[in-house]
Amino acid sequence: MPLKRESFRYLLLKIITKNINAELNREKLQSALLNSILNLFGETGLVESKFKLLIFNKEKKFAVVKCAKNFINNFRAAVALITNLNNEEALIFIAKVSGTIKGIKKAVLSFQSFNKKNGSSQ
Amino acid sequence: MRKYCDLHLKLENEKEIFEAAKLIKEMGFKVVGLTFQPTTSIIKIKEFKKFFQEFNIDLASRVDLKPKNKIELLSTLKKLRRKFEIISVECDSNKIAVIAARDRRVDLISFPLNFKAKFTHSIAHVLIGALEINLVDLIMPKTSRTVILNKFIHEAFIAKFNKVPIVISSGATNLFLIRAPREMAAISLLFKLEPLEALNSVSTIPLSIVERNRIKLSRFYIGEGIKIVE
């Protein structure tokens, strides 16, 4: 009997902090996301999410995460309820969702060129 | 393609409003409701509209009323209805809520977290406008998040039962409390809304309110179903 493969979604997260020079690191972002999921959906929710932080860019302030397809809406809600990162007021929003890592990498490249054009530090 | 709309931005700082326009565009909103003071001049509102138009965002002027009694509510409604595109009433008591719900000049009613007033079946039954849920209460909770979630689930249930339209807004008081439309819809799934209902409450429902009011405020409008044809 064929087994159904698990499907995932790859998300490009954009991070905006109040203090532009605020120090961000991978661990802080990961723990913020984990805590938010844990608070809202509990431990079973956290297991179901199959969440993993794949890419984190400190300079450009973006991250790529992977989560289970059927958990995407819950993940969106958890991300939306984050208000602090490293004790700094911050906003995280999902800029792009893709079904493949290739698609999200394309979005990352266009996102970087968009930032270069606008000369934004965020 | 869906046009997303956030009807409640309470940004006061002008500099922050200008920064917000860029962010709102990036998040994918097409229509935004900005709260103004009742005394704000029409020229200033037009200036803001022009600025937001540069970012391809349609700005709807909005005023939030917090009346203490019936007379105050009716007099302010009479004064401000022709000036602003959206009128919202924050109900501090059940008496005010019933009057605001019955009045067709009120577009949105909302219930603050002080629990002095409660959204009940009797209010929902007479409500002509829509119920507004401000996500800022949940994003920046002043009390326990479970209490607030419970309140929103209760309100959404009553609204659904009585077929009252629900509008989900951010109610952002600063730039960092604005949320992307899909995220807002995802949060509203926590209130037991269906996925399509959640998406409609951040797109078609608020948009229809803005469009309806713009028609009413135009000089061609005479009355319900009557307009001047050129």
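Which residue of strand 6 of chain B does B:L108 stand opposite? I looked this up first, keeping in mind that the model is predicted. B:L108 faces B:A130.

**The sheet in chain B**

I then checked the two strands around that spot. Strand 5 (residues 108–110) and strand 6 (residues 130–134) of chain B run parallel and pair over 2 bridges. Next I went for the whole sheet: in chain B I found an open sheet of 7 strands, paired in parallel, in the order 1-2-3-4-5-6-7. Strand 1 (4–9) and strand 7 (166–169) of chain B sit at the edges with a single partner strand each, so each has one side without a neighbour in the sheet. From one strand to the next, I get an average twist of 30°.

I also looked at what packs on this sheet. Helix 7 (residues 145–161) of chain B does, and it touches strand 6 and strand 7 of chain B. The direction of helix 7 makes about 160° with that of strand 6.

**Where the chains meet**

My next stop was the interface. Here 20 residues of chain A are in contact with 19 residues of chain B. The buried area comes to about 1,800 Å², and carbon and sulfur atoms give 70% of it.

The interface has 2 salt bridges, one of them between the side chains of A:R76 and B:E183, at 3.4 Å from N to O. I noted 6 residue pairs in polar contact between the chains.

Last, I asked what chain A brings to its side. Strand 1 (8–17), helix 1 (26–49), helix 2 (72–80) and strand 5 (88–98) of chain A each supply at least two residues. Strand 5 of chain A has the largest share, 6 residues. By type, I noted 13 nonpolar, 3 polar and 4 charged residues on the side of chain A that touches chain B.

Technical notes. Residues numbered from 1 in each chain as written. Chains lettered and ligands numbered in written order. Predicted model: local features only at pLDDT ≥ 70, side-chain atom pairs only at ≥ 80, totals over all residues. Heavy atoms only, no water. Contact = heavy atoms within 4.5 Å. Buried area = accessible area lost by both parts, 1.4 Å probe. Salt bridge = Lys/Arg side-chain N within 4 Å of Asp/Glu carboxyl O. Polar contact = N/O pair within 3.5 Å; in protein donor to acceptor, adjacent residues only side chain to side chain. Helix = DSSP H or I, 4+ residues; strand = E, 2+ residues; numbered from the N terminus. Nonpolar A, V, L, I, M, F, W, Y, C, P; charged D, E, K, R; others polar. Pairing = 2+ DSSP bridges. Axes fitted to C-alpha atoms, helices over the stretch in contact; angles between N-to-C directions.
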